[in-house]
Structure formats: structure tokens, C-alpha cells
Amino acid sequence: MALKSILNNKIRSLLTMLGIIIGVASVIAIVASIQGTTKLQRLQYEAMGANRIDVYAWGAKNKDWKDFEEYLDSLDEVAAWSPQSQYWDWQNGGVQYRSKKMDSNSSDNGYLQMYFVNEHYGEVTSMSISAGRDLTEADCKSRARVCVIGETLRKYFFGAMSPIGQELRIGGKSFEIVGVYAGKYGGKLNTNDQMLIMPYTLQSLMMSSQGMSDHQYIIKAENAEDIQTLTEQTLPEFMQPRCEANGGYFSAYSNSQSQKQQEASSNLMALLGGGIASISLLVGGIGIMNIMLVSVTERTREIGVRLAIGATAREVLMQFLIEAVVLGCMGGAIGILLATGSSYLITGWMDVPYTFDPMINIVSFAFAALTGVIFGYFPARRAARLDPIEAVRHE
């Protein structure tokens, strides 16, 4: 009977459900997009390397940095480490293969990341070789002009051709490609796949001493439990006084700390966004109450006849309450379908992973049904309390 009543007034019922539909769809779409962003951030952190610690410092003497590297080798809490000094291409020679070139300081194709590292770089950053080999200790000791490139450079310069053994021009000098790192971001432009590494012993050959004043290291902790001790005590206690003695600075931080902060911020944004969008559900509930009151007024005579031939007040109340709940449930179901499609499109447009969260769908549907109960109760109660004689007389 509830469905028949709704179908007899299709347009009015659809307009009544519109607030519920928009409310449910908005809540799910907002939460899904924020969850997709959070998932992308988590994947990016994981791609950067497990148990990773980044060190950035300047001001210490060359001897101090050699002592620091020996100190890292002596620590049981350190599984591996590598310098990561960025190659500043001041003359913007970029990277060139034959006639094709990628500028290092231009945003046309995304910024190119070029680093001087040691043989442990792949381990500390969780990079895996997809072709060729990684840098070796022998490459660093002999100052070999070799490089390992990321997936973006491989696709950009070589396409389907193998890059192993080919030569790139970097800063006007020839480098042999010995390996390719597997892409973590699909080889897209302007991601960490757009990178190139060279032996750290070539830094003084490629750059002036002015560009070598700062020092960056990536350290892989043996266990996640060692990260806090290393970043807050072990590393700063050894190196911070040496840097500050020359007016410098020392910083050691872990991406796991940043990840927790960003996830907490994303959860708060999801809560706020969902709360704001849920206002539409309130508006939709008011719409249900309004149309149910109109329905009671229109069907006063029908209600009177039912009461006169033996229907109880409870049965009349349930009839109209079920109508309101069906409106809420239908609006919730349509809203979920709409949200699923829109969430998929929105996350695709934002270039973040699509995340289907069954719990937010269940909660949204339950809230839509509850809205029908809450806002449908008053009109249903009003119908149940009608005087049968006065109701039958109503025109």
C-alpha cells in the first residue's frame, strides 16, 4: 500500500526524496574522496621506503661528515644508509638522449629529480630494479659515469626500446645507463618515477662546492621501534653540536611521523565534510514531513473510512509511518547508487585511488531510514488521531 501510494504520485515522491538522495550521495562522495586521498598518501609513504629516516643538515666540516658516516656503519639500529644530494643543474643542461631532451628546471614535463647516492639507495628507498642492475660499491669507488633511471625517463626517452647500455648526456657529460627502477606511480610525469641517480663520488666533479654545503641522507632503521630513538636522540646527539658549532642546522625526521599527522588531519576533514553534507539529510527529512502532512490532509476521508470499518489507530499510524520510511529508504538507495558512480568519477578526476567503504554506505542508508522514521512519525500520529466521523465528512 505504501509503494502504491508513492507510485501514484511519482514526481512528488521523487522531489520529496531529492533531499535524502543529495544528502546520502554527498556524504559518501566526500568521505570516499578524502579516503582516496589518504590511501594515496599512505601508498606514497610506503613507496618512499619502510622505516625510513631523512636527515637534512649543513654547517659541519667535511671530517665531521666522514665521522658521521662511520658512526652510521657502527650502529646496530641502522640497517643501511645512503647520501641523497640533489644535483643542481644551474646551467639547465637537463638530460639528453640524442636529439630528445628533458629540462631539469622546467615544469613543462614535470621537475626532474637527480641525486648523488651510494650503492644502498635502492634498499633504503625500497626501489626495485626492473631492468639491468643497481649501482655498486665498485661504481662509487671508481667514480664510474653510470646512472640508474626511473620508469618515467625510460618511457620518455626509449619507449619500448631497452635503455641498458645507452648513453645519456647529463650536464654536458656522457653517462651509461646500467639499470632502471620499477615504477611506483605508473611512470607518470612529475612523480618520484621521474628520477635519475649517479654515484655520490661524482658530486665534486659535477657541481661547485657552493652547491655542496648542505648534506642529505636517507637512513633505514633496523626496526620501526628504533625510529624514535634514532631521530630524537642517537643521531642529533652525535651530529647536532658539530653543525651548530659553525652556525649550521641538523634535522632527522621519519615519514611515519608525518604519515600519522596527515592521516589524523584527513580523518578530521572526512568528519567535518560528512557532517556538513549530512545537513542535506536534515533538509530531506523536513521535506518528508511536509509531504506526509499534505498526504494526510489529502487522504483524510480515506483515513476516516478505514477507521470506521475497523482499522485501529495503530494500523493507520503504521501505514503512514511505513510510507515515510519507504521514501527515506528509496532515497537512501538511490543516493548510494549515485554516490558510487560520482565517487568513482571524482577520485578519477583527482587521480587518487577509489575506495569503497561498506560501513559509510550502511551508516548513510540507516540514517536515511531513520530520517523517514523521525520525520514521518508526527504526520502518521496525526493521521491515527483523526476522528473517524469528522474524517468521513471531510471533502
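## Cysteines

Let's start with Cys140: at 3% relative accessibility it counts as buried, where buried means under 20% relative accessible area, exposed over 50% and partly exposed in between (1.4 Å probe, protein chains only). Cys147 comes out at 0%, so it counts as buried too.

A disulfide is a covalent bond between the sulfur atoms of two cysteines. Here the cut-off is a pair of cysteine sulfur atoms within 2.5 Å, and by that rule the count is zero.

## About the model

This is a predicted model, where local features need pLDDT of at least 70 and side-chain atom pairs count only at pLDDT 80 or more, while totals for chains, interfaces and linings use all residues. Residues are numbered from 1 along each chain as its sequence is written, and side-chain values use heavy atoms, with hydrogens and water left out.

## Aromatic rings

Rings of Phe, Tyr and Trp (its six-membered ring) pair if their centres lie within 6.5 Å; planes under 30 degrees apart are called stacked, over 60 edge-to-face, and the rest tilted. The structure has 11 aromatic pairs. One aromatic cluster is made up of Trp65, Phe68, Tyr71, Trp81, Tyr217, Phe238 and Phe250.

Phe238 also has a charge over its ring: the charged end of Arg242 sits 4.3 Å from the ring centre. The rule here is NZ of Lys or CZ of Arg within 6 Å of the ring centre and within 35 degrees of the ring normal. Lys100 does likewise over the face of Tyr156, at 4.6 Å from the ring centre.

## Glu225

Look for Glu225 in the loop between β12 (214–221) and α8 (227–244); helices (H or I, at least four residues) and strands (E, at least two) are DSSP runs, numbered from the N terminus. Glu225 counts as exposed because its relative accessibility is 63%. Between Glu225 and Asn51 there are 174 residues in sequence, yet C-alpha to C-alpha they are 9.0 Å apart in space.
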